[in-house]
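Work through the exercises below with the sequence and the structure side by side. Try each task before reading its solution.

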Amino acid sequence: MIPGSRRPVILAYHGVGDADETVDPRRLVVAPRHLAAQIGLLRRRGYRFATAAELRPDGPPPTRTAVLTFDDGWLDGLTTVTPLLAGLGIRASFFVCPGWWGGQHPLVTGPLGRLLDGD
């Protein structure tokens, strides 16, 4: 990063849970303790958290801005990530793949690969 630059740190996540290589060979799922440790590191370095929608095209964000994104609409975004972030007082951005609604992530088997549905 260029000294004095105000580019945000954007971290993109997929699933959050305790997975081994048999269900997650591509390592798309991060353990909750690792997510919490990464957030803790950013906090210790003075970062504040924003959502992707809060990044404005008309000007740079405040120095040390971090954005957490969670892609594909994993069910654990509701059951694991949201409670963890709420306990830390952090907001994030969640994105879903409409074509995968109610299905299984194609790269993660079993319950950890479940995606959001209408319920």
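**Exercise 1.** Which residues in helix 1 meet which residues in helix 2?

*Solution.* The model is predicted: local features need pLDDT of at least 70, side-chain atom pairs count only at pLDDT 80 or more, and totals for chains, interfaces and linings use all residues. Residues are numbered from 1 along each chain as its sequence is written, and side-chain values use heavy atoms, with hydrogens and water left out.

Step 1. Locate the helices, which are DSSP runs of H or I with at least four residues, numbered from the N terminus (strands are runs of E with at least two). Helix 1 covers residues 32-44 and helix 2 covers residues 76-88.

Step 2. Look for contacts, meaning heavy atoms within 4.5 Å. From helix 1, P32, L35, I39 and R43 meet T80, L84, L85 and L88 of helix 2.

Step 3. Sort these residues by type: six are nonpolar, one is polar and one is charged. Here Ala, Val, Leu, Ile, Met, Phe, Trp, Tyr, Cys and Pro count as nonpolar, Asp, Glu, Lys and Arg as charged, and the others, Gly among them, as polar.

**Exercise 2.** Describe how helix 1 and helix 2 are arranged.

**Exercise 3.** Find the residues with the most contacts inside the largest nonpolar core.

*Solution.* Step 1. A nonpolar core is a set of buried Ala, Val, Leu, Ile, Met, Phe, Trp, Tyr and Cys residues joined through side-chain atoms within 4.5 Å. Buried means under 20% relative accessible area, exposed over 50%, and partly exposed in between, with a 1.4 Å probe and protein chains only.

Step 1. The largest core has 16 residues, and L35, I39, F49, L68, F70 and L85 have the most contacts inside it. Helix 1, strand 5 (65-70) and helix 2 each supply at least two of its residues.

Step 2. Beyond its neighbours within four places in sequence, L35 touches Y13, V16, V30, F70 and L84.

**Exercise 4.** Is R27 positive or negative in phi, and where does R27 lie?

*Solution.* Step 1. R27 is not a glycine, yet its phi is positive, about 60 degrees.

Step 1. R27 sits in the loop between strand 2 (15-16) and strand 3 (29-30).

Notes:
Axes are lines fitted to C-alpha atoms, for helices over the stretch in contact, and angles run from 0 to 180 degrees between N-to-C directions.
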